[in-house]
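Visitor: Please take one part of this model and look at it closely. I would like the charged side chains and how they pair.

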Amino acid sequence: MTDYAYEIIDEIENSYDKKRLDDIKKKIEGSSEAKKLIKEFYLAKENYEKYNLKDDFIKAKEKLFSNDLLKEYISIQNDVNLLMLKINKRIKDITRSVTKK
């Protein structure tokens with residue numbers, strides 16, 4: 001089972017999505033606009049959580065998603081997160097059935 005886990009890790013590391021995420025991340029790091037939008041988003045999120053400033057948070061989120069790089073990064077990251085949830089569920093199901101025997 002350990003070998004299978006390493007195969008999954010290797011497959012994810014070599015996947016198009018992983019390579020695309022790495023590429024986009026480099027572009028984001030080189031983009032002052034993207035970094036500014038991220039900073040504004042986190043500040044608005046913090047203010048929303050502390051002071052319930054919902055409108056500012058929504059505006060910051062909309063601006064964040066208006067940037068094509070950030071929008072694609074977030075979309076791929078969501079896909080990867082869903083895949084991880086499915087993998088974790090499958091591992092849990094397998095280990096549960098093995099321990100019951």
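Guide: Start with R96. At 37% relative accessibility, R96 counts as partly exposed. The model is a predicted one. R96 forms a salt bridge with D93, with the closest N and O atoms 3.8 Å apart. Both residues belong to helix α5 and sit 3 residues apart, about one turn of the helix. D93 is partly exposed because its relative accessibility is 26%, within the range between 20% and 50%.

D93 has another partner, K89. Here the closest N and O atoms are 3.1 Å apart. K89 and D93 are 4 residues apart in helix α5, again about one turn of the helix. K89 has 51% relative accessibility, and exposed means over 50%, so K89 counts as exposed.

Now move along the helix to E72. The E72 side chain meets that of R20 in a salt bridge, 2.9 Å from N to O. E72 lies in helix α5 (residues 68-100) and R20 in helix α2, so this pair ties together parts that are 52 residues apart in sequence. Side chains of opposite charge can pair when their charged atoms come close. E72 is partly exposed, at 29% relative accessible area.

What about R20 itself? Helix α2, where R20 is found, covers residues 16-29. Buried means under 20% relative accessible area, and R20 has 18%, so R20 is buried. Leaving aside residues up to four places away in sequence, R20 touches K27, E72 and I76. The charged pairing extends past E72: R20, D23, K27 and E72 are linked in a network of salt bridges. In total, the structure holds 10 salt bridges.

D3, E7, D10 and E11 gather on the surface in a patch of negative charge. Patch residues have no salt bridge, by definition. One of the four, E7, is placed in helix α1, which runs over residues 2-13.

One last stop concerns the backbone. N52 lies in the loop between α3 (32-51) and α4 (54-66). N52 has a positive phi of about 60°, although it is not a glycine. Most residues other than glycine have a negative phi. N52 counts as exposed, with 56% relative accessibility.

Technical notes
Residues numbered from 1 in each chain as written. Predicted model: local features only at pLDDT ≥ 70, side-chain atom pairs only at ≥ 80, totals over all residues. Heavy atoms only, no water. Patch = residues over 30% accessible without salt bridge, like charges linked within 9 Å, V, L, I, M, F, W, Y side chains within 5 Å. Areas by Shrake-Rupley, 256 points an atom, 1.4 Å probe, with all protein chains shown as cover. Salt bridge = Lys/Arg side-chain N within 4 Å of Asp/Glu carboxyl O. Lys, Arg positive; Asp, Glu negative; His and termini not counted. Charge placed at Lys NZ, Arg CZ, Asp CG, Glu CD. Helix = DSSP H or I, 4+ residues; strand = E, 2+ residues; numbered from the N terminus. Buried < 20%, exposed > 50% of the residue type's maximum accessible area, 1.4 Å probe, protein only. Contact = heavy atoms within 4.5 Å.
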